[in-house]
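I am opening my notebook on a new structure today.

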Amino acid sequence: MSTGSGFVLVDKVGGWTSHDVVARSRRILGLRRIGHAGTLDPMATGLLVLGIGRATRLLRFVTDLPKEYEATARFGVATDSLDADGEVTARAPMSIDREDVAGAMDRFRGEILQTPPMVSAVKVGGKRLYELARRGEEVERPARKVTVYRLGLERFSAGPFPEVRFRVVGGSGLYVRVLADDLAKALGGRAHLTSLRRVASGGLSVEEAWTVERLACLGDEGRLAEAVLEPSDALSHLPSVSVDREEAAMVRNGRRLPSPPDLDGHVRVTAGGRLLAVYRARDDRLVPEVVLT
C-alpha cells in the first residue's frame, strides 16, 4: 500500500501545536498535502486524525464526529486561557464535595449553550478571538449550542482547590475548558483545565495512534505504509454500498447511482473493499460529493 493517500492517527504530545504535527508529518511522509480533523491545543495530548494526499478531501466526514476526552480541572482557580498555560486571574477556595460536582454535571448533558473562550479561533466582527486576546482585548461573544453526549465524574480530590477528573463525549464545537469552568461557576466558583487528552474521534481510537517519533522510525525502516489507514476503514461510521465494474466506471465519471432503500445521508461507495467515493443519498438517487478515483 502506498503512503500517498489515506489517514494517519497520531498521538500528539503536550507542547506541540496541531500545525507542528502536520509540519513534521509532511517531512516524515514526504508529502505536502496533509490536513487534520479537529485542532488540539498545545497543552492537550491524544488523538489527531491526519488526512494525507487525496484523503484530505475526506476530512470533513471525520471532523464532525463526536470526540471523547479525559480531562482534569483545578476548581477554585481561573486563568485567562481557562487552561494551565494561562495566567491566573482569580483564586478562591471552594467548599464542595464529590456529590456537588456529580450533581452539577446533570445540568451539562444534552444540548447546552457555551460561550467560546477568547483564545478560540471563532470570528467576531471579522477577527479571530485569539487575535484580539493577544492584543489584550475582550469582546462579547454570542453563546452557541453544543451537544454533550456523555459526561461522567471519574475522580474527585478534596481540598480548598479540589481536583476534578472527568470524561466527556461531545459534538462538534464543544470546548472542554469552557465546560470545566461552567461546572465550577454552577457551584459558585471558577476552574481551569490542568490536563486534556483526546482518546477517540468517532470509532477512531488513540490506542491505534502513532507518536511522531514512532512514525519517524517507521520512515527510517521503510515501513510507513503500516501507519496508513485505508480511507474506507477511517470512514467506517458511514454505511457502505458496493458497486460492480460498470457502476464503478459511472462513479469515476461522477455519475449518479440508484439508491438502495432506507439509506440517508452520506454513503461510502466501494469496489473490492476500496473506497471510490462518498455519495449522499437523496430521494431515490445517490449523488456524488467526493470522488477519489
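**Entry: two helices side by side**

I began with helix 1 and helix 6, which are roughly parallel to each other (angles under 35 degrees count as roughly parallel, over 145 as roughly antiparallel, 65 to 115 as roughly perpendicular and the rest as oblique). They pack at an angle of about 10°, with axes 10 Å apart. Axes here are lines fitted to C-alpha atoms, for helices over the stretch in contact, and angles run from 0 to 180 degrees between N-to-C directions. Helix 1 brings Val21, Arg24 and Ile28 to the contact, and helix 6 brings Val212, Leu215 and Ala216; contact means heavy atoms within 4.5 Å. I sorted these residues into five nonpolar, no polar and one charged. For that sorting, Ala, Val, Leu, Ile, Met, Phe, Trp, Tyr, Cys and Pro count as nonpolar, Asp, Glu, Lys and Arg as charged, and the others, Gly among them, as polar.

A note on the source: this is a predicted model, in which local features need pLDDT of at least 70 and side-chain atom pairs count only at pLDDT 80 or more, while totals for chains, interfaces and linings use all residues. Residues are numbered from 1 along each chain as its sequence is written, and side-chain values use heavy atoms, with hydrogens and water left out.

**Entry: helix 6 on its own**

Which residues of helix 6 are buried? I found Val212, Leu215, Ala216 and Leu218 (buried is under 20% relative accessible area, exposed over 50%, partly exposed in between, with a 1.4 Å probe and protein chains only). Down the axis, these buried residues fall within an arc of 160°, so they line one face of helix 6; the arc is that of the directions from the helix axis to the C-beta atoms. Strand 1 (6-12) and helix 1 (18-29) are among the elements that cover them. Just after helix 6, I noted Gly222 with a positive phi of about 70°.

**Entry: Ser18**

Ser18 lies in helix 1, and I count Ser18 as buried because its relative accessibility is 3%. Its side chain reaches the backbone nitrogen of Leu40 at 2.8 Å. A polar contact is a pair of N or O atoms within 3.5 Å; within protein, one must be able to donate a hydrogen and the other to accept it, and residues adjacent in sequence count only if both atoms are side-chain atoms. Leaving out residues up to four places away in sequence, Ser18 touches Lys12, His36, Thr39, Leu40 and Leu48.

**Entry: helix 3**

In helix 3 (residues 98-105), I found Val101, Ala104 and Met105 buried. They cover an arc of only 105° around the axis, which puts them on the same side of helix 3. Their packing partners are strand 10 (144-157), strand 11 (163-170) and helix 5 (176-186). At the N-terminal end, Asp97 caps helix 3, with a side-chain oxygen 3.2 Å from the backbone nitrogen of Glu99.

**Entry: the whole chain**

How many helices and strands are there? I counted eight helices and 18 strands in the protein chain; helices (H or I, at least four residues) and strands (E, at least two) are DSSP runs, numbered from the N terminus. Of the 293 residues, 48% count as buried. The C-alpha trace spans about 70 × 50 × 40 Å along its principal axes.
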